[in-house]
Amino acid sequence: MPPTRAEIEAAGDRTIEDVLGPSLDVLFCGINPGLYSAATGHHFARPGNRFWPALHRSGFTPRLLSPAEQDLLPSFGLGITNVVARPSAQAAELSQEEYREGGVRLARLVAEIRPRVLAVAGVTAYRTAFGRPKAAIGPQEEEVGGTAVWVLPNPSGLNAHWSLERIAGEMRRLRESIGRPEA
């Protein structure tokens, strides 16, 4: 059952646990949880977010997973975290300091769990968190925490510049770049 408006509005002080596991091929990293996601406790949970459909269409998962099935991701060699843990109605509410602090935390996490690739879903978040103002979608020259980085488009439904097919295409390029067969 979807959260009520009151539950969504009250979710600003909640955090969502990272979805991690051993030997991850890709650690996907969102910008920060939206209030809807915080209310549900699931990453990329807002209806209209294209993360889960793009993940499936890109060949990372054998079927479309729902946000409530996020704990299955490590069985596919995948995980999820966020640059900033604090939920907000919009990413524009985050401060530059929150992004930079999130980048430091993310670098420590990645150095600890050692995924093959860190995939940041949001070029502006990546630019701000890691001081890379010219970064573009795709593979990055710099590593984070000793790990290769790939920047993906933000899958939020608010990102009208990117269609579901184009987001899935970028995820597919990432999957193919690490030699993962289609699930």
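D25 touches G77, P115, R116, V117, I178 and R180, leaving out residues up to four places away in sequence; touching here is contact, heavy atoms within 4.5 Å. This is a predicted model, where local features need pLDDT of at least 70, side-chain atom pairs count only at pLDDT 80 or more, and totals for chains, interfaces and linings use all residues. Residues are numbered from 1 along each chain as its sequence is written, and side-chain values use heavy atoms, with hydrogens and water left out.

Staying with D25: the residue sits in the loop between α1 and β1 (26–30). Helices (H or I, at least four residues) and strands (E, at least two) are DSSP runs, numbered from the N terminus. D25 counts as buried because its relative accessible area is 16%, and buried means under 20% with a 1.4 Å probe, protein chains only. The side chains of D25 and R180 are joined by a polar contact of 3.1 Å; that term is a pair of N or O atoms within 3.5 Å, one able to donate a hydrogen and the other to accept it.

Next, the record. In UniProt, an unreviewed entry places "domain: Uracil-DNA glycosylase-like" at residues 17–180; such annotations may be inferred rather than shown by experiment. Over residues 17–180 the chain is 32% helix and 13% strand, with the end C-alpha atoms 26 Å apart.

Last, the lining of the largest pocket. α5 gives the most to this lining, with four residues.

Definitions and conventions. Buried means under 20% relative accessible area, exposed over 50%, partly exposed in between (1.4 Å probe, protein chains only).
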